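The exercises below are to be worked with the sequence and the three-dimensional model side by side. Each task is followed by its solution.

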Amino acid sequence: MRLHYTIPIAIGLWWIPVIGPAIFGFVNAFIEKSYKRSLISTVISSSLASLIYILLSIYVIKIPLLGNFLPVITIILSLVGIAISIMVVYLVFSRITIMSVSNEGVYTEFYSSSFDEAKEKIDAFISSLGINLSDCPDPSLELSEKRIKSTFNCNGLKVQYEVTEELRGKYKVKVWIKG
């Protein structure tokens, strides 16, 4: 985890109610690039930022007009901020597709909710590149409890994909097409 980056970012953004945690969740999703690590990092970083701001509101900042309500308001906003940053991380990882194209081929990465959904997205992606899957020989499969890896050669291209269970109900899918 990259807590040495995420903690200062969370502390810097946390003082802006609602918007700061949303920005932090978005940034943290791209810093970590892994659903599980990003969720853990978000909880740790946002909790530490909340703790700092709660302690500041209790011991340092005194606003006579608000009285004892400032710490209560800070605690409520911190809890809401933690929830918002976690929801943003979830939304980013449930909707994002990362793709890179190089001289060697195409690489894409995304998340799905099931193995079947992953297989449908992989087939649609490969078909969109002009590869007819019915013309391809049967793939070689490597199966384990939390991972499926498949490789096949088709029309002079090597197509390889890997589906790994990151969390219960969340699967990370990686697809490589090399020519």
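**Exercise 1.** Find the bridge partner of Tyr161 in S6, and describe how S5 and S6 pair.

*Solution.* The partner of Tyr161 in S6 is Val175. Strands here are DSSP runs of E with at least two residues, and helices are runs of H or I with at least four, numbered from the N terminus. S5 (residues 157-167) and S6 (residues 170-178) pair in the antiparallel sense over nine bridges, where pairing requires that DSSP finds at least two bridges between the strands. Two residues separate S5 from S6 in a hairpin, and Gly169 in the turn has a positive phi of about 90°.

The model is predicted, with local features needing pLDDT of at least 70 and side-chain atom pairs counting only at pLDDT 80 or more, while totals for chains, interfaces and linings use all residues. Residues are numbered from 1 along each chain as its sequence is written, and side-chain values use heavy atoms, with hydrogens and water left out.

**Exercise 2.** Determine in which sense S4 and S5 pair, and over how many bridges.

*Solution.* S4 (residues 147-154) and S5 pair in the antiparallel sense over eight bridges, and Thr151 has Gln160 in S5 as its bridge partner. This hairpin also has two residues between its strands, with Asn155 in the turn at a positive phi of about 55°.

**Exercise 3.** Decide whether Ser34 is buried or exposed, and list what Ser34 touches.

*Solution.* Ser34, in the loop between H2 and H3, has a relative accessible area of 10% and is therefore buried (under 20%; exposed is over 50%, partly exposed in between, with a 1.4 Å probe and protein chains only). Leaving aside residues up to four places away in sequence, Ser34 touches Phe93, Tyr111 and Glu166, contact meaning heavy atoms within 4.5 Å.
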